[in-house]
Amino acid sequence: MLISISGAGKSFGAERIFENLSLTVEDADRIALIGPNGAGKSTLLAMIAGELEPDEGTVDRRRGLRIGYFHQNSGLESDGTIGSELRGALSAVFETERAMNEAGEALAKIKDHASDEYRECEERYHRLQLAFDAMEGYQAEVKINTVLTGMGFSSFGRETPVATMSGGERTRLALAKILLEEPELLILDEATNHLDFKMLMWLEEYLAAYRGAILAVSHDRYFLDRVTKKTWEVEGLKIISYPASYTGYQKLREERIALMEKEYDRYQNEVARLSEYVDRNIARASTAQSAKSRLRMIEHLEEAEKPLPPEKPPVIRFSSPVRPVKDVLDIAGLTLSVGEGEKRKTLFRALSLHVMRGEKIAVIGDNGVGKSSLLKALAGLIQPDAGRFEWGRNTRVSYYEQDDGRLSPGKTALDELWDRYPRKREAELRTLLGGLRLSGDEVYKPVKVLSGGEKARLKLALLMLEEGNVLMLDEPTNHLDIGAKEALDRALSAFDGTILIVSHDRYLLNRLPTRIVHMSAEGVESFEGGFDAYMELQKRREAEAAGQKPASRAAGSEAGKEYFRSKRQRSEEAAAKRRAKALEEGIAAGEARMKELEAEIADPETASDFPRLSGLLAEMEALRTKLDQDYEEWENILCS
């Protein structure tokens with residue numbers, strides 16, 4: 001055990017943050033810490049790391065425990081260079097190497113190999129060599145190069161001064177340094193900020209093989225699914241632990257809350273039943289004794305905990321009263337450059353793309369390739385160098401911009417909406433903002449003092465009011481907490497219009513798109529399905545390019561047929577495949593749960609606990625009905 005927290009509580013002034021926490025971190029744990037912004041996640045990390053002490057209770061750490069704590073947006077501050085900082089992370093290795101080399105040189109100078117001096121020097125060299133091997137010292141430079149490449153520093157010289165680097169680069173370097181130190185407990189507070197796709201995927205692979213424990217706070221749900229196996233959720237003043245990564249936690253949490261509600265209702269009903277008996281019989285001499293026994297029963301009933309009401313997610317809905325034509329957008333030969341004079345740079349050339357009504361298209365590509373600029377050009381905010389694009393008849397385009405350039409810093413949040421929609425009633429606009437968790441006096445705050453998350457929700461309010469049938473979204477999940485991201489995911493999935501989205505949120509990219517468009521300087525390439533399907537295809541291509549097992553002729557023939565099918569057919573078939581896969585996963589989970597229920601019902605202790613037995617039987621019946629329905633739908637998809 002690395003960390004043991006027992007009865008810990010923490011307050012800041014009159015504000016209570018945590019109460020009676022009892023948690024442990026084991027040697028190989030992979031833990032995600034989640035909760036709303038401001039819930040106290042960073043406070044808990046600081047307590048575990050020893051930067052804060054609890055007001056009551058204890059936080060015990062294993063003697064000599066090495067903790068690496070990456071603070072949120074903590075850029076490295078140093079007068080050194082990239083090379084000196086990363087070698088400093090392995091200072092014990094290089095110091096051992098220096099001492100070993102000195103001992104070797106001293107040993108070579110001693111001529112009398114039978115002398116005590118030679119024997120002592122030889123023993124010292126041997127001890128240092130063993131220690132150097134144990135530290136994997138011969139791999140030190142390889143480790144440095146691996147982490148530098150993974151964190152995006154392959155083009156940087158080792159002598160690059162840290163002081164000349166950007167804030168994002170210093171943040172990545174701070175993370176690289178902590179990774180090289182290989183602490184026994186690695187604490188990551190929003191470590192995925194400032195990382196592109198390649199860096200994120202490298203980090204996930206690196207952490208998968210990490211030998212220590214990991215405790216991570218992140219709004220990147222895909223990252224949490226790939227890296228963690230346990231989830232701690234901040235709920236009120238407590239931490240609830242779930243034995244699953246993020247996606248599994250969602251299901252377990254729903255089941256836990258449903259069970260708690262059922263137990264609480266059962267408790268309340270039992271108390272009400274006994275109390276009614278007491279009220280009817282306590283005054284009559286013939287039944288007073290039995291009424292008193294019912295009172296004692298009430299006193300001895302184990303009180304069921306009422307589940308906390310879940311935090312209300314933002315209310316996000318997109319709709320449009322106007323239906324556009326089938327061909328929503330046609331882009332032909334579009335070329336776009338930015339900058340002036342010698343600094344002018346061409347982002348992409350001769351880009352062509354056709355978008356049909358109802359498609360949900362994610363645009364991805366390397367940073368700087370022009371994804372955001374493409375949306376700006378389509379929104380009419382910048383002019384392309386060449387080519388054309390044409391929106392279809394009856395299209396209403398709503399554009400969510402990544403930055404806040406179209407917001408007025410001096411206006412209040414309410415006035416930002418009201419000035420654009422003066423015919424709307426104040427109550428209507430306040431209800432809209434309240435649904436997005438901007439309520440009370442917050443609506444009168446100037447935009448310039450709003451947090452990043454509040455500005456993001458204000459821009460979503462504007463998007464909802466525009467009622468566009470085409471949504472162009474540039475990094476809409478930036479600054480949103482997990483609850484708001486989930487609400488946005490649901491709203492975009494339910495939207496029956498057309499979506500063009502630029503995003504680094506791989507969890508969203510896996511659930512929303514019907515098509516992924518990879519953008520490069522040479523143009524675009526389209527792929528059916530979500531992010532995982534896209535990545536799987538890329539891996540196959542890389543394997544084939546490296547001379548590994550090539551795709552079969554039959555597979556190539558099927559790929560050709562796929563190309564010539566209509567876009568609508570391909571979209572419908574991709575959706576059917578995704579649904580079939582989801583049903584298969586659900587059926588597997590349901591059958592596993594059915595086996596668990598059968599084992600629990602067969603347990604002799606369960607047979608004597610009638611309320612529990614009734615609950616298990618009811619759950620089994622509901623699950624059997626659900627499995628029958630899922631099997632029927634799955635078979636229909638396969639036969640269609």
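Colleague: Does F132 count as buried or exposed, and at what relative accessibility?

Modeller: This is a predicted model, in which local features need pLDDT of at least 70, side-chain atom pairs count only at pLDDT 80 or more, and totals for chains, interfaces and linings use all residues. Numbering starts from 1 along each chain as its sequence is written, and side-chain values rest on heavy atoms, without hydrogens and water. Buried means under 20% relative accessible area, exposed over 50% and partly exposed in between, with a 1.4 Å probe and protein chains only. F132 therefore counts as buried, at a relative accessibility of 1%.

Colleague: Which geometry does the aromatic pair of F132 and Y138 have?

Modeller: The structure holds 12 aromatic pairs, taken as rings of Phe, Tyr and Trp (its six-membered ring) with centres within 6.5 Å; planes under 30 degrees apart are stacked, over 60 edge-to-face and the rest tilted. Y138 counts as exposed because its relative accessibility is 53%. The F132 and Y138 rings lie 4.8 Å centre to centre with 85° between the planes, and the pair is edge-to-face.

Colleague: How are α2 and α6 oriented relative to each other?

Modeller: The axes of α2 (residues 82–89) and α6 (residues 167–181) come within 8 Å and cross at roughly 30°, where axes are lines fitted to C-alpha atoms over the stretch in contact and angles run from 0 to 180 degrees between N-to-C directions. Angles under 35 degrees count as roughly parallel, over 145 as roughly antiparallel, 65 to 115 as roughly perpendicular and the rest as oblique. The two helices α2 and α6 are therefore roughly parallel.

Colleague: Which residues of α6 make the contact with α2?

Modeller: Contact means heavy atoms within 4.5 Å. On the α2 side, the contact is made by I82, E85, L86 and A89. On the α6 side, the residues are L173, A176, K177, L180 and E181.

How values were computed. Helix = DSSP H or I, 4+ residues; strand = E, 2+ residues; numbered from the N terminus.
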